[in-house]
Amino acid sequence: MDLLLDINSTNTKKDDDIQSNFDDEVIALRIKTNNDSTTHNLSTNTNCSVLQLKELVRSKLGPTARGRYLRLVCQGRLLAPDRTTLAEFHLKQDVVVHAVLAAPGVRGGQQAALSQSISPSASSR
């Protein structure tokens, strides 16, 4: 499935709108990052996968997010694995999703394995 973006460049002080086009229910999300106090408004479809949402968030955050491990957390719950759709998390309109960027070079450990649905080996303990 190709991911289509409709970027509205309204250039408000803190919020820009970004929207992905799908055939299911559209949900508005507020994205907050761990490295600044900016809140980004993003609209996507509930049929969108976590991986697709991560791509949208990375494009919204710009070059600082490229090449860095990204975790999305909503209501205290890690949005993983990446192939899961947002509908499976029962997200509500205007919910806050925290985008946590790892330091450059950090791959995420067990959470990275969870997002890929791969269990870390017992020998690594």
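## One salt bridge

Searching the whole structure turns up 1 salt bridge. Its partners are Asp82 and Lys54, whose side chains come together with an N to O distance of 2.9 Å. Keep in mind, as you look around, that this is a predicted model.

The bridge ties together distant parts of the chain, 28 residues apart. Asp82 sits in the loop between β6 (77-78) and β7, while Lys54 belongs to helix α1. Are these two residues buried or exposed? Both Asp82 and Lys54 are buried.

## The nonpolar core

Next, let us visit the largest nonpolar core, which has 22 residues. Leu29, Leu53, Val57, Leu72, Leu79, Leu91 and Val97 are the members that touch the most other members. Several elements each supply at least two residues of this core: β3 (26-33), α1 (50-61), β5 (70-74) and β7 (95-101). Which of them gives the most? That is α1, with 5 residues.

Leaving aside residues up to four places away in sequence, Leu53 touches Leu29, Leu42, Thr44, Cys48, Leu72, Leu79 and Leu86. Among these partners, Leu29, Leu72 and Leu79 are also on the list of core members with the most contacts to other members.

## Where two loops meet

Cys48, one of the residues that Leu53 touches, lies in the loop between β4 (39-45) and α1. Its relative accessible area is 0%, so Cys48 counts as buried. From Cys48 to Arg83 the distance is 9.1 Å, C-alpha to C-alpha, although 35 residues separate the two in sequence.

What does Thr85 touch, not counting residues up to four places away in sequence? The answer is Thr46, Asn47, Cys48 and Ser49.

## How confident is the model?

Across the protein the average pLDDT is 76, and 67% of the residues score at least 70. Residues 1-23 have a pLDDT below 50, and the model gives this stretch 52 contacts beyond near neighbours in sequence.

Another stretch to view with care is residues 119-125, where pLDDT stays under 50. For these residues the model has 2 contacts beyond four places in sequence.

Methods
Residues numbered from 1 in each chain as written. Predicted model: local features only at pLDDT ≥ 70, side-chain atom pairs only at ≥ 80, totals over all residues. Heavy atoms only, no water. Core = buried A, V, L, I, M, F, W, Y, C linked by side-chain atoms within 4.5 Å. Buried < 20%, exposed > 50% of the residue type's maximum accessible area, 1.4 Å probe, protein only. Helix = DSSP H or I, 4+ residues; strand = E, 2+ residues; numbered from the N terminus. Contact = heavy atoms within 4.5 Å. Salt bridge = Lys/Arg side-chain N within 4 Å of Asp/Glu carboxyl O. pLDDT = per-residue confidence, 0-100.
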